[in-house]
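Okay, thanks for letting me jump in.

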Amino acid sequence: VQLQAFGGGLVQAGGSLRLSCAVSGSGLIVNVMGWYRQAPGKQRDLVALIFANGATTYADSVKGRFTISRDNAANTVYLQMNSLKPEDTAVYYCNVDYRRSFERLFSNSWGQGTEVTVSS
């Protein structure tokens, strides 16, 4: 399976960006999809998760500003980021739990990361 993330870039504080992550592979059943971020010199932290039933969870720092969504037909997860702050600057990684139709157990995979820089 491959995860291709894109949509990062440079934006001024208060601006918006939309990240996308497409999961490719045959016969996939995708469960949880999520976004994490890692700022320079810091650990990778959860930003948002979306479950197969559409339930979502967010880090407190992004609640009310970021929205995670998914297109199950396209196996794609999105992160709409509004009211961006300089402290949102990080490399953003997508992450999925998936299995192939003939497998019982779920596996986990990371995308390559897309960089978001918010200038003050």
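Quick term before we start: a strand here is a DSSP run of E, at least two residues, and strands are numbered from the N terminus. Also, keep in mind that this is a predicted model.

So, the sheet. Strands of a sheet pair through backbone hydrogen bonds, either parallel or antiparallel. What order do the four strands have in our open sheet? Going across, you read β1-β3-β8-β7, and the pairing is antiparallel. β1, residues 2-6, and β7 sit at the edges with a single partner strand each, so one side of each has no neighbour in the sheet. On average, neighbouring strands here are turned by 15 degrees against each other, if you ignore direction.

Zoom in on the β1 end. β1 and β3, which covers residues 17-24, run antiparallel and are joined by five bridges. If you want a landmark, find Gln 4: across from it in β3 is Ala 22.

Now the loops on either side of β8. Most residues other than glycine have a negative phi. Asn 75 has a positive one, about 50 degrees, and it isn't a glycine. You'll find Asn 75 in the loop between β7, 66-71, and β8, 76-81.

Then there's Ser 83, in the loop that runs between β8 and β9, residues 90-100. Ser 83 is no glycine either, and its phi is positive, near 50 degrees.

Ser 83 has a relative accessible area of 41%, which makes it partly exposed.

Definitions and conventions: Residues numbered from 1 in each chain as written. Predicted model: local features only at pLDDT ≥ 70, side-chain atom pairs only at ≥ 80, totals over all residues. Heavy atoms only, no water. Buried < 20%, exposed > 50% of the residue type's maximum accessible area, 1.4 Å probe, protein only. Pairing = 2+ DSSP bridges. Axes fitted to C-alpha atoms, helices over the stretch in contact; angles between N-to-C directions.
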